[in-house]
Amino acid sequence: MNVIIVKDQVEGGRKAADMVIDAVKNGAKVLGLATGSTPETMYKDLIASDVDFTKMTSINLDEYVGLAPDDDQSYHYFMAKHLFDAKPFAKSYVPNGLAKDADAETERYNKVIADNPIDLQVLGLGRNGHIGFNEPGSPIDAQTRKVALTESTIEANSRNFEHEEDVPKFAYSMGIGSIMKSHNIILMAWGTEKADAVKGMIEGPVTPDCPASILQKKDNVTVIVDEAAASKLSNK
Ligand SMILES: N[C@@H]1[C@@H](O)[C@H](O)[C@@H](COP(=O)(O)O)O[C@@H]1O
C-alpha cells in the first residue's frame, strides 16, 4: 500500500487525476468509478484536462435501490453531473436502482465486470471503513449484490437528502471480491471524520470490521489522504 499524504482535497484530487490520466496514456481501457464528495475535486481536474475517455468503458461501484437515473440523489445523476456530461465514455455502467429483479440485476452487473476487467478502480472511504457500499461484516469474496446500509452510513449520507428518512435503506454494490480484482486501486479520503477509518485501513488488522483494511493484502494500491484524515496514523 503506497500512502500519500497531501495538504488538502484540492492537492489530493489533482494527484488522483494525474494518476488516472497516466493510466489512460498507458493503455487503460476500463475505469472503475466512485461517487460521494471525496472524488469531486479529481473529477473537476479530469474535466479541465484534455484526457479522452471516448474509447473507454467505466463501471461504477454502486447505486441506491429505488432511485431512478434522473433522481438528483442517484449515483447515475451524480456521475452525469460530475463527469460524464463533460467527459463521456464509449460505455458507462452503473447498477440499475429500479431493477425489478435484484438477482438478475446483480448477475448482469457481475457479467459486466467479468467482461470488462477493471484497470484502475477509484475508491472513497466510508466513516466506518466501508468501500463501495460494503459495510462492516461484508464477506471479502463477495461480488455485486444488494446490501442493507448501516445506520452510520444512512446518517452520513443524509446530508445530501432533504430528510434522513429519504435516504434509501438498500443499495447495489460491487463486492469486495470484485474490487480486489481490479488491477490498480486509488483510494482517497479527506477530513477528520475519516481519520479512524484511515487508521484502521492502514494500520489496523485486516478484518471485516473495517472492510477497507483488506486493501493491505493487495499490490498496486495507492491511498491519498489529506493531513486531517491522516491525523491518527502512528507512522506518517
Ligand atoms: N457508497 C459511497 C461510497 O462509495 C463513498 O466512498 C462513501 C464516502 O462518501 P463521501 O465521499 O461523500 O464521504 O460513502 C458512500 O456511501
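The questions below go from the model and its ligand to helices and single residues.

Reader: What kind of model is this, and what pLDDT do local features need?
Author: Residues are numbered from 1 along each chain as its sequence is written. This is a predicted model: side-chain atom pairs count only at pLDDT 80 or more, totals for chains, interfaces and linings use all residues, and local features need pLDDT of at least 70.

Reader: How many residues surround the ligand, and which are the closest?
Author: A residue counts as near a molecule or strand if its C-beta atom, placed from the backbone, lies within 6 Å of it. The ligand is surrounded by 14 residues. The closest are G36, S37, T38, G124 and G126.

Reader: How does the shell around the ligand divide by class?
Author: Ala, Val, Leu, Ile, Met, Phe, Trp, Tyr, Cys and Pro count as nonpolar; Asp, Glu, Lys and Arg count as charged; the others, Gly among them, count as polar. On that basis the shell has one charged, four nonpolar and nine polar residues.

Reader: What should helix 1 span, and how far apart are its end C-alpha atoms?
Author: Helices (H or I, at least four residues) and strands (E, at least two) are DSSP runs, numbered from the N terminus. The expected span is 1.5 Å times one less than the number of residues. Helix 1 has 17 residues, 9-25, so it should span 24 Å. The distance between its end C-alpha atoms agrees: 24 Å.

Reader: Which residues of helix 1 are buried, and why do they line one face?
Author: Buried means 20 or more other C-beta atoms within 10 Å of a residue's own; exposed means 12 or fewer, and partly exposed is in between, with C-beta atoms placed from the backbone. In helix 1, Q9, G12, G13, A16, A17, V20 and V24 are buried. They line one face because, seen down the axis, they fall within an arc (taken over the directions from the helix axis to the C-beta atoms) of 135°.

Reader: Which exposed residues does the other face of helix 1 carry?
Author: The buried side packs against strand 1 (2-6), strand 2 (30-33), helix 2 (40-48), strand 6 (120-123), strand 9 (184-189) and strand 10. Contact here means C-beta atoms, placed from the backbone, within 7 Å. The face turned away from that buried side carries D22 and K25.

Reader: Which residues of helix 4 are buried, and what arc do they cover?
Author: An α-helix has 3.6 residues a turn, so residues three or four places apart point the same way. The buried residues of helix 4 are E105, T106, Y109 and I113. They sit on the same side because they cover an arc of only 95°.

Reader: What do the buried residues of helix 4 pack against?
Author: On the other side, D103, A104, K111, A114 and D115 are exposed. The buried residues pack against strand 3 (57-60), strand 7 (145-148), strand 8 (170-173) and helix 6 (176-181).

Reader: Which residues does the "active site" annotation cover?
Author: UniProt positions are given in the numbering used here, feature names are shortened, and annotations may be inferred rather than shown by experiment. The entry is unreviewed. Its "active site" annotation covers D62, N128, H130 and E135.

Reader: Is D62 buried or exposed, and which residues does D62 touch?
Author: D62 is in strand 4 (residues 62-64). With 23 other C-beta atoms within 10 Å, D62 is buried. Not counting residues up to four places away in sequence, D62 touches Y75, P95, G132, F133, A171, Y172, S173 and M174.

Reader: Where is N128, and which residues does N128 touch?
Author: N128 lies in the loop between strand 6 and strand 7. N128 counts as partly exposed, with 19 C-beta neighbours inside 10 Å. Leaving out residues up to four places away in sequence, N128 touches E135, P136, T150, S152, T153 and A197.

Reader: Where is N220, and what is its phi?
Author: N220 sits in the loop between helix 7 (195-203) and strand 10 (221-226). N220 is partly exposed, with 13 other C-beta atoms within 10 Å. Although N220 is not a glycine, its phi is positive, at about 60°.

Definitions and conventions:
Two residues are in contact if their C-beta atoms, placed from the backbone, lie within 7 Å.
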